[in-house]
Structure formats: structure tokens, C-alpha cells
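Dear colleague,

Please find below the structure that I am handing over to you.

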Amino acid sequence: EKVDFVQYFHHIIDRFEMNKSEDILFERQFPRDHVLVWLDKDKMTQVIDNIISNAIKYSPEGGKITFKIVKERRRVVISIADQGVGIAKEKVDKIFERFYRADKARSRNLGGTGLGLAIAKELVEAHNGHIWAESKEGKGTTILFVLPLMQKKRRNR
Ligand code: ATP
Ligand code: MG
């Protein structure tokens with residue numbers, strides 16, 4: 001389905017913002033123009049829900065979550081950055097593996113199965129995109145993913 005990612009992302013974030021009880025600030029840095037992508041909306045919503053849930057789960061009180069959409073020529077980069085506990089350097093690529101949980105003791109308290117990001121990776125790749133994480137322990141985590149833009153049809157090529 002053809003979707004304007006800006007509008008679509010606003011809706012998802014709004015839903016979290018309405019329901020969040022935690023004292024967390026949301027900041028959005030979105031472009032003004034449309035960002036047209038092809039999405040299976042249900043599946044992409046599952047991806048984004050998990051990333052945002054994680055960001056909230058690992059955020060400190062008073063933390064900020066920054067949502068960005070950066071439109072490039074042929075692709076769009078979406079990022080969700082928190083100021084939470086972060087992930088150790090040697091573990092950051094493993095979080096996309098099934099059942100992987102970076103800090104067993106802490107994660108157990110916070111609940112979950114460790115499947116969320118493994119599923120997210122599968123679904124983003126099914127959209128011809130990719131996903132990765134950048135993190136600094138004690139500073140925070142950013143999850144980024146890219147999706148191809150829908151190309152405008154052009155004649156004279
Ligand atoms: P589930 O999503 O299945 O409920 P989960 O959240 O533990 O469980 P994933 O979403 O796959 O599983 O995340 C895997 C692990 O990556 C987490 O257990 C956590 O250790 C780490 N992680 C994910 N997101 C963050 C984040 N924003 N900050 C710190 N650690 C994170
Ligand atoms: Mg999760």
C-alpha cells in the first residue's frame with residue numbers, strides 16, 4: 001500500500017503519546033514534504049511498535065525520545081533515539097538475533113521474549129530495507145532503518 005511515511009509515523013507516535021504514563025518527552029524531526037513509500041502497514045506498525053516500546057522500556061524518567069525522518073534521493077532513513085541504559089558495543093549487533101536479550105537480569109524484570117527486534121529485522125528486510133542500532137552504554141540507543149522511496153514515474157528516460 002502506498003503510504004506517506006510522515007503522516008503514518010505521526011499517527012503511531014500520537015498513539016504512544018496518548019497512552020504513555022511515564023515522564024518521557026517525545027521530539028519529532030520530520031521533513032515538510034511527503035515521503036512516499038510502499039508499506040504493508042500492519043507489518044510495519046509491528047516493527048515500529050516494538051522499537052518504540054523498547055525505547056520507552058529502557059528510558060530513564062525525564063528522558064527524551066527523538067523521532068527522525070530523513071529523506072534522501074532514493075531512500076528514507078527513520079531513526080528512534082532514546083537516552084536510556086544503552087547497549088555494550090560487543091552486544092549491539094546481537095540484539096537483532098532471536099531470543100537475544102542484552103542484560104539478562106535487567107531484561108527479565110522488564111519482561112519480553114527477545115523476539116521483537118528479530119521480527120523487526122525480518123519485516124524491514126521484507127520491505128527491501130535494512131535496520132541497525134547505534135548505542136553507547138549509559139548514553140542511549142538509536143535504532144535506524146531505511147526504506148526505499150517510491151520512485152516518481154518519469155517519461156523520457
Ligand atoms: P520483546 O520485544 O519480544 O517483548 P525484548 O524487548 O526483550 O522482548 P527485543 O525487542 O528483540 O526483545 O530486544 C532485544 C534486546 O535488545 C532487549 O532485551 C534489550 O536487551 C536490548 N534492547 C532493545 N532495545 C533497546 C533500547 N532501546 N535500549 C537498550 N537496550 C535495548
Ligand atoms: Mg522489544
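The protein chain has an average pLDDT of 91, and 93% of the residues score at least 70; pLDDT is the predictor's confidence in each residue, on a scale from 0 to 100. This is a predicted model, in which local features need pLDDT of at least 70 and side-chain atom pairs count only at pLDDT 80 or more, while totals for chains, interfaces and linings use all residues. Residues are numbered from 1 along each chain as its sequence is written, and chains are lettered from A and ligands numbered from 1 in the order in which they are written. For the complex, the predictor gives an ipTM of 0.97 and a pTM of 0.92. Where pLDDT is low, the predicted coordinates should not be read in detail.

The sheet

Helices (H or I, at least four residues) and strands (E, at least two) are DSSP runs, numbered from the N terminus. Five strands make up an open sheet of mixed pairing, in the order E2-E4-E5-E7-E6; two strands pair if DSSP finds at least two bridges between them. Its edges are strand E2 (25-29) and strand E6 (130-136), each of which pairs on one side only. From one strand to the next, the twist averages 15 degrees; such angles run from 0 to 180 degrees between N-to-C directions, and axes are lines fitted to C-alpha atoms, for helices over the stretch in contact.

E4 and E5 run antiparallel and are joined by six bridges, and Lys-68 stands opposite Ser-79 in E5. A hairpin of three residues connects E4 to E5.

Strand E5 (residues 75-81) also pairs with E7, in the antiparallel sense and over seven bridges; here Val-77 faces Val-146. Strand E7 (residues 140-148) pairs with E6, again antiparallel over seven bridges. In E7, Ile-143 stands opposite Ala-133, and Gly-140 is the bridge partner of Lys-136. The hairpin of E6 and E7 has three residues between the strands, and Gly-138 in this hairpin takes a positive phi near 80 degrees.

The helices

H4 lies across E6 and E7 and runs at about 135 degrees to E6. The axes of H2 and H4 come within 9 Å and cross at roughly 145 degrees. This crossing is left-handed, a term used if the near helix is turned anticlockwise from the far one by less than a right angle. Among the residues that meet are Asn-50, Ile-51 and Asn-54 in H2, and Gly-116, Leu-117 and Ala-120 in H4; residues are in contact if their C-beta atoms, placed from the backbone, lie within 7 Å. By class, this contact holds eight nonpolar, four polar and one charged residues. Ala, Val, Leu, Ile, Met, Phe, Trp, Tyr, Cys and Pro count as nonpolar, Asp, Glu, Lys and Arg as charged, and the others, Gly among them, as polar.

The ligand

Ligand 1 is surrounded by 22 residues, of which the closest are Asn-54, Ala-102, Gly-112, Gly-116 and Leu-117; a residue is near a molecule if its C-beta atom, placed from the backbone, lies within 6 Å of it. Helix H2 (41-57) and helix H4 (116-126) each supply at least two residues of this shell. The shell residues divide into ten nonpolar, nine polar and three charged.

With kind regards

Technical notes: Contact = placed C-beta atoms within 7 Å.
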